[in-house]
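Please read the following points with the sequence and the model open beside you. They take up helix packing and then the spaces inside the fold.

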Amino acid sequence: MTQPQRPADEVVDLVSTLIRFDTTNTGNPDTTRGEAECARWVADQLEAVGYQTVYVESGAPGRGNVFARLAGADPGRGALMIHGHLDVVPAEAADWSVHPFSGAVTDGYVWGRGAVDMKNMVGMMIAVARWLRRAGVVPPRDLVFAFVADEEAGGTYGCKWLVENRPDLFDRVTEAVGEVGGFSLTVPRRDGGDRRLYLIETAEKGMQWMRLTARRPAGHGSFVHDDNAVTALAEAVAKLGRHRFPLVLTDAVGEFLAAVAEETGHTFDPASPDLDGMVAKLGPIGRIVGATLHDTANPTMLSAGYKANVIPASAEAVVDCRVLPGRRAAFERELDELLGPGIEREWITELPPYETTFDGDLVDAMNTALLAADPESRIVPYMLSGGTDAKHFARLGIRCFGFTPLRLPPELDFAALFHGVDERIPVDSLVFGTEVLTRFLQNC
């Protein structure tokens, strides 16, 4: 009898094809495109091997989502969901070495927008799901494969809508794995050589986007104005943008730093005034970890006026705030002290922080699957400075982890590839990740 094609045999083609679907999410439903076409293609790949799929458009035409379930041996156990988003952030082709939607496979990489965030995982999900079905594998419990829209704009037309309007799609799901975890970080060992640490995401900062508004008397641009809305807003934004919020060491970050210290011999003293500098020495991953030591508030958009000689009556700014678990009230008090009177603030997007513990059978299954492929490795928890769809799934009581297994070249600046120019993923990493994911889902 012919053996089913291994998942690793088709994952590169799947990821390349997924990238060729331009699923750019502009944040505006009128100009976002491609999700429905891509979702229907995903459904076709799964139906071709016998899955029954559910296609749902969430809240607006064209915001396509696909779900498929593989029945497990124990229907009494909670189901495990494996999720990935189909949308990507915009890309300016003129800035790239290859066309961002070419899906080019060259120099040992698959190139294109979404190669890292997160069509790599989507391709691995499809490859493994197809193999499990073709091989007749019955996993220990139900597996739910979810391919969703709109993650890059907060999930309003994706997971948020699905959680609120189609909770039946998550029937009996108790745990989930998704993006931005499971990738390797190579560190020097204190006794010589290197150790690969695989970072499992167990926590995320909250995402609160804030609008600031200054309102002052309008007037002619040629007069003297001591109370100018643009000036008042600019001063508040500059003050906020330069502010450093206090250091807070959460459990996930503390466990990560302790593991790195144990392996490398470096110290990460929470009481040190230079903890940020110590973390920066971790290299590119230090940008992510460093951002999880503090709350952050980064001004990203400014808007004021309509003519060069008119003092406007109002000026607005948008600030991207990322808040650590348990810090919301303290963060808001600090904001109000910084901004002072005369600056209005309002939340325009609110997604709370998320955290879980680094323990349990699912974590053990991740560890077993990774050790089988990389025997000298070690898994460690960490906190993501950004956000994922896990924030929405957690509202249903689902315990979420970031687990997209990838063994990365030590020299690759992986963090810079998220939303970056020339986004790409090593072919070897896709093959490795697919093999780990296959083993994990058979023993989860």
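1. Helix 2 and helix 3 make a right-handed crossing, a crossing being right-handed if the near helix is turned clockwise from the far one by less than a right angle, and left-handed if anticlockwise. The model is a predicted one, in which local features need pLDDT of at least 70 and side-chain atom pairs count only at pLDDT 80 or more, while totals for chains, interfaces and linings use all residues. Residues are numbered from 1 along each chain as its sequence is written, and side-chain values use heavy atoms, with hydrogens and water left out.

2. The axes of helix 2 (residues 35-47) and helix 3 come within 9 Å and cross at roughly 25 degrees, where axes are lines fitted to C-alpha atoms, for helices over the stretch in contact, and angles run from 0 to 180 degrees between N-to-C directions. The two helices are therefore roughly parallel to each other (angles under 35 degrees count as roughly parallel, over 145 as roughly antiparallel, 65 to 115 as roughly perpendicular and the rest as oblique). Helix 2 brings Trp 41, Val 42, Gln 45 and Leu 46 to the contact, and helix 3 brings Ile 126, Ala 129 and Arg 130, contact meaning heavy atoms within 4.5 Å. Helices (H or I, at least four residues) and strands (E, at least two) are DSSP runs, numbered from the N terminus.

3. Helix 13 (residues 427-441) packs with helix 10 (residues 361-373) at an angle of about 135 degrees, their axes being 9 Å apart, and the pair is therefore oblique. On the helix 13 side the contact is made by Phe 432, Val 436, Arg 439 and Phe 440, and the residues from helix 10 include Leu 362, Met 366 and Leu 370. By class, this contact has 10 nonpolar, no polar and one charged residues (Ala, Val, Leu, Ile, Met, Phe, Trp, Tyr, Cys and Pro count as nonpolar, Asp, Glu, Lys and Arg as charged, and the others, Gly among them, as polar).

4. Helix 13 also meets helix 1 (residues 7-20), with axes that come within 9 Å and cross at roughly 125 degrees, which makes helix 1 oblique to helix 13. Pro 7, Ala 8, Val 11, Val 12 and Val 15 of helix 1 take part in the contact, and among the residues of helix 13 are Val 427, Leu 430 and Glu 435.

5. Which residues line the largest cavity? Its lining includes Met 118, Val 180, Phe 183, Phe 414 and Phe 418, and the space amounts to about 60 Å³. On a 1 Å grid over the protein atoms alone, a cavity is a set of points where a 1.4 Å probe fits but cannot get out, a pocket is an open set with protein on both sides within 12 Å along at least five of seven lines, and lining residues have an atom within 4 Å of a point.

6. Two of these lining residues deserve a look at the backbone. The peptide bond from Asp 117 to Met 118 is cis, with omega near -15 degrees, and Met 118 is found in the loop between strand 5 and helix 3. Val 180, in the loop between strand 7 and strand 8, has a positive phi near 60 degrees although it is not glycine.

7. The largest pocket has a volume of about 1,300 Å³, a volume being the space filled by probe spheres set on the points, which are joined across faces, edges and corners. Of its 45 lining residues, Met 207, Trp 209, Asp 320, Arg 322 and His 419 are the closest to its centre. The lining divides into 16 nonpolar, 16 polar and 13 charged residues.
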